[in-house]
Amino acid sequence: MVSQTLNEIYQLLFDRFGPQHWWPGDTQFEIIIGAILTQNTNWTNVEKAITNLKAADCLSPEKLYQLDITRLAELIRPAGYFNIKAKRLKSFLNWLFENYDGRLSNLESLDTVRLRDELLAIKGVGRETADSILLYAFGRPIFVVDAYTARVTVRHGLIEPGADYEQLRELFQLNLPEDVQLFNEYHALLVKVGKEFCRPKARCPGCPLEKLPHTVEIEYF
DNA sequence: GACCAGGCACATC
DNA sequence: GATGTGCATGGT
């Protein structure tokens, strides 16, 4: 039973690592900015960029909307891909101001499917970024998939190699209760175990999931 | 010095 | 629809 295995994995991870307190961020807006900045980037680099934005007093929708894009790129430089990410942050803010008066509170009344579709229409916001925003900034019951999610589930035979993003998201959403706090903690725990043990092309001694069957050889993923 | 990191858009086939 | 490439800093 898939749901049973998913529950077992969650318990093993939670028992080992405990609560992860995600998303690291003080405000709804900071969470959204972090979600864009962390694309294919280590979180410690994102923290430096966010620190710069705070020091420049630019971490609000109004300030960031008005900030010169060249200046914005300078501030977020430590997060890498700074030119493209400056554009992506601007495209989010342009959407917010042109359609919702620059107010995140105006998004709360949208249903989750509508909000997801609108986020995905923004250049620079893909599935993982949109779903991170939905779950961690808006508290919607959407399971966030990332490279770690794929690696762990493939290695333990829960899904076939090559499964796409939506298949992975359905694996969790259809086999777990629709619980925002569970989705929050589960995704964070998968990132934790991915960073510390379930790494590319590496065996994982000491991994909390070590005793579970591995149906896919490490070399393949 | 190589490899990796909490992706995405775009070109090409 | 699948695959390849550019984007870039900082830690291991």
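Which residues have the most contacts inside the largest nonpolar core? In this predicted model, they are I33, L37, A49, I76, L89 and I133, within a core of 48 residues.

**Domains**
- Chain A is split into domain 1, covering 2-21 + 144-220, and domain 2, covering 28-137.
- Taken over C-alpha atoms, the centres of domain 1 and domain 2 are 27 Å apart.
- Where the domains touch, six residues of domain 1 are in contact with six residues of domain 2.
- On the domain 1 side of that contact, four residues are nonpolar, one is polar and one is charged.

- In soluble globular proteins, nonpolar side chains tend to be buried together.
- The largest nonpolar core here counts 48 residues, and helix α8 (residues 127-137) gives the most to it, with six residues.
- Domain 1 and domain 2 each supply at least three residues to this core.
- A49 makes a handy place to start looking: leaving aside neighbours within four places in sequence, A49 is in contact with L37, L75, I76, P78 and A79.

**Helices α1 and α11**
- Two packed helices are described by the angle between their axes and the distance between the axes.
- For helix α1 (residues 2-17) and helix α11 (residues 180-196), the axes come within 10 Å and cross at roughly 70°, so α1 and α11 are roughly perpendicular to each other.
- From α1, Y10, L13, F14 and F17 meet E185, Y186, L189, K192 and V193 of α11.
- By class, the residues of this contact comprise seven nonpolar, no polar and two charged.

Methods:
Residues are numbered from 1 along each chain as its sequence is written. Chains are lettered from A and ligands numbered from 1 in the order in which they are written. This is a predicted model: local features need pLDDT of at least 70, side-chain atom pairs count only at pLDDT 80 or more; totals for chains, interfaces and linings use all residues. Axes are lines fitted to C-alpha atoms, for helices over the stretch in contact, and angles run from 0 to 180 degrees between N-to-C directions. Helices (H or I, at least four residues) and strands (E, at least two) are DSSP runs, numbered from the N terminus. Angles under 35 degrees count as roughly parallel, over 145 as roughly antiparallel, 65 to 115 as roughly perpendicular and the rest as oblique. Two residues are in contact if their C-beta atoms, placed from the backbone, lie within 7 Å. Ala, Val, Leu, Ile, Met, Phe, Trp, Tyr, Cys and Pro count as nonpolar, Asp, Glu, Lys and Arg as charged, and the others, Gly among them, as polar. Domain bounds come from an automatic or database domain assignment. A nonpolar core is a set of buried Ala, Val, Leu, Ile, Met, Phe, Trp, Tyr and Cys residues joined through C-beta atoms within 7 Å. A residue is buried if 20 or more other C-beta atoms lie within 10 Å of its own, exposed if 12 or fewer, and partly exposed in between; C-beta atoms are placed from the backbone.
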